[in-house]
Protein chains: 2
Amino acid sequence: MTELKNPRIFSERTSVVQVEEGDVLAPKFDTDGLIPVVTTDARSGELLMHGYMNAEALQKTIEHGEAYYWSRSRKCLWHKGATSGLTQKVVELRIDDDQDAVWLRVDVAGSGASCHVGYRSCFYRSVPLGTRADGPLTLSYEETEKTFDPEQVYGDAPNPTKL
Amino acid sequence: MTELKNPRIFSERTSVVQVEEGDVLAPKFDTDGLIPVVTTDARSGELLMHGYMNAEALQKTIEHGEAYYWSRSRKCLWHKGATSGLTQKVVELRIDDDQDAVWLRVDVAGSGASCHVGYRSCFYRSVPLGTRADGPLTLSYEETEKTFDPEQVYGDAPNPTKL
């Protein structure tokens with residue numbers, strides 16, 4: 001992988017005013033060289049996933065209009081959908097006020113799913129609110145049916161979830 | 001601040017199947033003790049902000065039904081809206097497949113804004129796609145009017161944006 005440490009499309013961060021009120025892209029990557037990414041469905045607005053990009057992933061996403069991420073578990077550039085076919089076409093890409101987070105609004109190919117477990121969204125479970133329980137909370141499933149069988153799609157590939 | 005390192009509402013992470021397919025809340029905090037949080041407007045679906053929680057912030061958010069975060073710039077628990085009045089009432093709280101990211105769907109009090117710069121969303125600028133420009137990219141403003149004057153609301157408080 002050729003990592004582009006300082007692609008010319010990114011500007012240096014010179015002042016708080018420039019970062020917040022300016023019109024140049026001056027993203028802040030963390031000490032691991034990553035920036036968090038929020039990916040929503042462009043049509044439904046549903047949150048599909050939360051991931052990370054390095055500079056190369058952000059540059060490729062901008063240039064190709066398809067979502068690229070940095071896989072922290074596999075430690076490699078990750079063209080979303082390369083294995084599953086569930087690519088994410090980027091309809092809009094936004095940056096936040098201090099330019100340390102990215103928002104992708106995407107159209108997902110195929111079944112429209114984005115979660116490796118098989119659900120449409122990675123956020124398929126909700127947490128009960130308002131409880132003052134003195135023990136473990138019980139999650140509720142907001143999606144009840146998987147859209148695909150992960151074993152069929154990913155085979156023996158290692159599961160990205162780490163304890 | 002009393003940090004609750006291991007509140008009883010959180011379960012230990014014992015297996016990938018338990019984390020992904022189980023019904024217990026077993027969140028993963030990073031090496032700084034934080035978990036990223038995606039906050040969307042419950043009505044419009046718009047992405048408002050990307051923040052972080054520590055265990056105490058997550059517990060308080062669940063118990064009180066209002067959003068608490070960990071401020072990385074101020075290094076303190078942060079009850080969103082305590083200064084501005086723009087509190088976030090949590091309509092739904094979700095956790096992702098590997099339980100290392102949180103999604104809050106909120107109703108914002110007052111003007112409905114969530115960005116310290118004065119905009120409704122922190123993600124008020126978009127990045128041009130498909131370009132193969134060999135120089136700095138120019139951002140477009142997707143929100144053109146601020147909903148409040150940050151100086152009036154925050155006064156001399158230090159700006160949380162860091163270079």
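## Salt bridges and polar contacts

In this predicted model, four salt bridges are found across the interface of chain B and chain A, a salt bridge being a side-chain nitrogen of Lys or Arg within 4 Å of a carboxyl oxygen of Asp or Glu. One of them links B:R72 to A:D100, with the closest N and O atoms 3.0 Å apart.

Between chain B and chain A, 50 residue pairs are in polar contact, both residues at pLDDT 80 or more. A polar contact is a pair of N or O atoms within 3.5 Å; within protein, one must be able to donate a hydrogen and the other to accept it, and residues adjacent in sequence count only if both atoms are side-chain atoms.

The side of chain B that touches chain A receives two or more residues from each of α1 (16-21), β1 (35-41), β2 (47-53), α2 (55-64), β5 (88-95), β6 (102-108) and β7 (125-126) of chain B. Helices (H or I, at least four residues) and strands (E, at least two) are DSSP runs, numbered from the N terminus. β5(B) gives the largest share of this side, six residues. By class, the side holds 32 nonpolar, 18 polar and 21 charged residues; Ala, Val, Leu, Ile, Met, Phe, Trp, Tyr, Cys and Pro count as nonpolar, Asp, Glu, Lys and Arg as charged, and the others, Gly among them, as polar.

## Buried area and extent

The contact (heavy atoms within 4.5 Å) involves 71 residues from chain B and 71 residues from chain A. About 6300 Å² is buried between the two chains, 54% of it on carbon and sulfur atoms. Buried area here is the accessible area (1.4 Å probe) that two parts lose on being put together, summed over both. In chain B, the residues that lose the most area to chain A are B:F123, B:R125 and B:L163, together 11% of what that side buries.

## Symmetry

Chain B is superposed on chain A by a rotation of 180° with 0.0 Å of shift along its axis, at an RMSD of 0.0 Å. This is the relation of a two-fold axis. The superposition is by least squares on the C-alpha atoms of residues with pLDDT of at least 70 in both copies. Both copies use the same surface, as 100% of the contact residues of chain B recur in chain A. Within chain B, the residue that comes closest to the rotation axis is B:G45, its C-alpha at 2.6 Å.

Chain A has three helices and eight strands, in the sequence pattern α-β-β-α-β-β-β-β-β-β-α. Its C-alpha atoms fill a box of roughly 45 × 40 × 30 Å along the principal axes.

One open sheet of six strands has the order β2(A)-β1(A)-β6(A)-β5(A)-β7(B)-β8(B), with mixed pairing; two strands pair if DSSP finds at least two bridges between them. Its edge strands are β2 (47-53) of chain A and β8 (140-141) of chain B. Strands β1 and β6 of chain A run parallel and are joined by five bridges, and A:D41 stands opposite A:V106 in β6(A).

Seven bridges join the antiparallel strands β5(B) and β6(B), with B:I95 opposite B:V102.

## Conventions

Residues are numbered from 1 along each chain as its sequence is written, and chains are lettered from A and ligands numbered from 1 in the order in which they are written. The model is predicted, with local features needing pLDDT of at least 70, side-chain atom pairs counting only at pLDDT 80 or more, and totals for chains, interfaces and linings using all residues, while side-chain values use heavy atoms, with hydrogens and water left out.
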